[in-house]
Amino acid sequence: MSSESRSNLILGICFILFSLLLIFVWIPLDTDSGILERVRRQVTIGDALAPTLAGVFLLLGGIILVVAERNAADQPEIDTVNLGFVAMVIVMLAISVLVMRYAGPAAVALANIGRETPLEYRLLRDTAPWKYTGFFFGGTLMIAGLISMIEGRVTIKSILIAIAAVVAMIAVYDLPFDDLLLPPNGDV
Amino acid sequence: MSALEYIWSGVLAVFLGPELFSVLGVPIPVTLVMIFAGFLLGIAVGATPGLAGPIAMAISLPILISIFGYTPDALLPVMGFLIGVMKGATIGGAVPAILFNTPGTPDAYMTTLDGYPMTRNGQAKKALRVAHLSSVSGDTFSDIVLFVCAPFLALLVEGYLDLPEKTALLILSLSFIAAVVGGSPAKGLISTGLGLLVAFIATGEDFYPRLSLDSPALAQGFPLATAILGVLIVGAVFKELADMWREKRSSGAVSANHDSGEQGLHFSDVQRLFPYIGRSAVIGTAIGALPGIGSTLAATIGYTVGKARYQKRKSAEDPDFGKGAPEGIAATEAANSSVSGANLIPVLSLGIPGNAAAVFLILAADSIGGFNPGPSVFRFTTESVNPELVIAFGLFTAMFIANILNWTIGGVFMRSMGVMTRVPKQILLPIVLLLTLTAIYVQETRMDAIWFTLGFGVLGYLMRVVAMSPLPFVIAFILGGKLEESARQAFAATGGDPYFLFTHPIAALFMALSVGVIVFTARNSRAKATEART
């Protein structure tokens, strides 16, 4: 934190531009009704009014940031190395979610090799062990991957912890309730 | 029936209701057992990061209704269970906030500010004790006020707050939150603006879901849980992971928190904390009685008022608010816990909830039938019995029973949670993350919800990076829909008067206060910036 940082000024300018874009471009192009509408000779509030109010909040915030707080003493300094790490975390999470989504159907496709009557994941999504496949592999990858990223190495311990946590979550969410669906079984 | 007879009938409805089983010939009423079960479940889910009371309520409500059926007899057991969950989760919610810096609910966010630094200083158990004492004291105070004042306050709120006033009150609460939370009114306004914007995406009255960019994924809008848990929990997890990684890079090891120093809570501590608990309990109770404003605002105001008092009185060696002051936890927990009791006044008299838990009480009443939250609830008819009023006093009794459980089992449970500090954070945080994503999926059952949550997590992380509080975002997101709805109704009710916020005296006062609080804090921060420069 320092008063040397120009983060408030940059942030303020960004939000002033965003709010102007929101109020004058996005809202008019992406809402069906205006700020006030005349319907059957009665004036009513249109769908554009509320988002315009949000835009006004953003614009006011941006202006105050530029005018009153650009020299504030407690401005954060942005650590780009940290941002890079979080970007890697997000990539790891995205891969895990994709594994969660597609591991089940992929396992069924694998099991179908050489079968005369092919299985369909959609019909098996309430049948163990198929219904756990995606959550198990995706969840294990997510937990073990994140632990390994922090510790800087992949260990058997982190994989075992991830497996235990995922199995515990299956026990909590799936076993006692028939009507709850683990990811991704509500989509497929 | 006289007022006292109504109260007594409510108490008897709980204790002499249908019997579940008997112990040594003493019948055990089903409502009591349900309150107890709900309370235990509430503490468990509240203390589990990523879970929270509303999720437990959402999952259990259909199960309870299928067990008890759609008869008026089901009202007290089902709603008693939900009240048990609400009370248990309130104290349980402070546990992950204090131990892991991951608030399970928006209300617990302010608890992290001092609770987590205390944990880092080795004072986790003491922080939990402070949270428990404050939470239960605030809750009990609120329930007493509820019992005594409910009918009068219900009539008062209904009499003075019409639609224009309610709209102005919502604008005032948003402006206030923007101005006071986080120390920067500009960033508070931006955070509020973002929350409103996200709340307004794909909502509205037109056939086309506004601002959805023609995308089918956005056409349903953002579910409440994705925005709130994404910004508050996932964002905090990202920040913690990044901080841990940086720490590991610089020191070669990941630090762990160990208990050190005195963990007990002595009478002198209680004496020191009591003024903060008392003030916050009054603030929380007053806010809880206003419709549409929930415990998050109470926690924020309680914290701010407590901070102002603390700055004047603290000695040089005491930690500041936000650096591990027990008074900070006391001010927050007493305020947010004292909302739930008083909150039942607008819930029962107007049908407007102040927090997510109250939404489920309304939903339960609506699903079972025989109890319609609205003005008729507090009608003291003398010639005939008003069964809704008896149920209302039955619910108040359920709250008191849950409070007694809170004072006893709650404390023991929270103390036992201290053991969780030994779990290494680099292991726990990824598990919390998956638990949060799973909980959201179980509620929403679509992968889009997981992507939205991760997206809001990134937003929450970036907000923390630029020192912008995520709390105004969350409150604006929750209140956005209500604000638009009440503005539309007020506009229609005033015959299309575009100046309805300024032509009604109380509404005009609220609007003047809204502008005043922003101008005042902006001028203050400018003066501070100039001071820092010179």
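Leu211(B) counts as buried because it has 24 C-beta neighbours inside 10 Å, where 20 or more are required. This residue belongs to a predicted model. Leu211(B) sits in the loop between helix 9 and helix 10 (224–251) of chain B, and its phi is positive, near 55°, although the residue is not glycine.

- Asp214(B) is not a glycine, yet its phi is positive, about 60°.
- Asp214(B) counts as exposed because it has 9 C-beta neighbours inside 10 Å, and the limit for exposed is 12 or fewer.

**Helix 9 of chain B**
- Helix 9 of chain B covers residues 185–200, and at 1.5 Å a residue its 16 residues should span 22 Å; the end C-alpha atoms are 22 Å apart, so the two values agree.
- Of the 16 residues in helix 9 of chain B, 16 are buried.

**Cis peptide bonds in chain A**
- Ala128(A) and Pro129(A) are joined by a cis peptide bond with omega about 0°.
- Pro129(A) lies in the loop between helix 4 (121–124) and helix 5 of chain A.
- The bond from Pro183(A) to Pro184(A) is cis too, with omega near 5°.
- Pro184(A) is in the segment after helix 6 of chain A.

**Contact between the chains**
- Chain A gives 61 residues to the contact and chain B gives 59 residues.
- On the side of chain A that touches chain B, the largest share, 11 residues, comes from helix 2 of chain A.
- By class, that side of chain A has 39 nonpolar, 14 polar and eight charged residues.

Note on methods. Residues numbered from 1 in each chain as written. Chains lettered and ligands numbered in written order. Predicted model: local features only at pLDDT ≥ 70, side-chain atom pairs only at ≥ 80, totals over all residues. Contact = placed C-beta atoms within 7 Å. Helix = DSSP H or I, 4+ residues; strand = E, 2+ residues; numbered from the N terminus. Nonpolar A, V, L, I, M, F, W, Y, C, P; charged D, E, K, R; others polar. Expected span 1.5 Å × (residues − 1).
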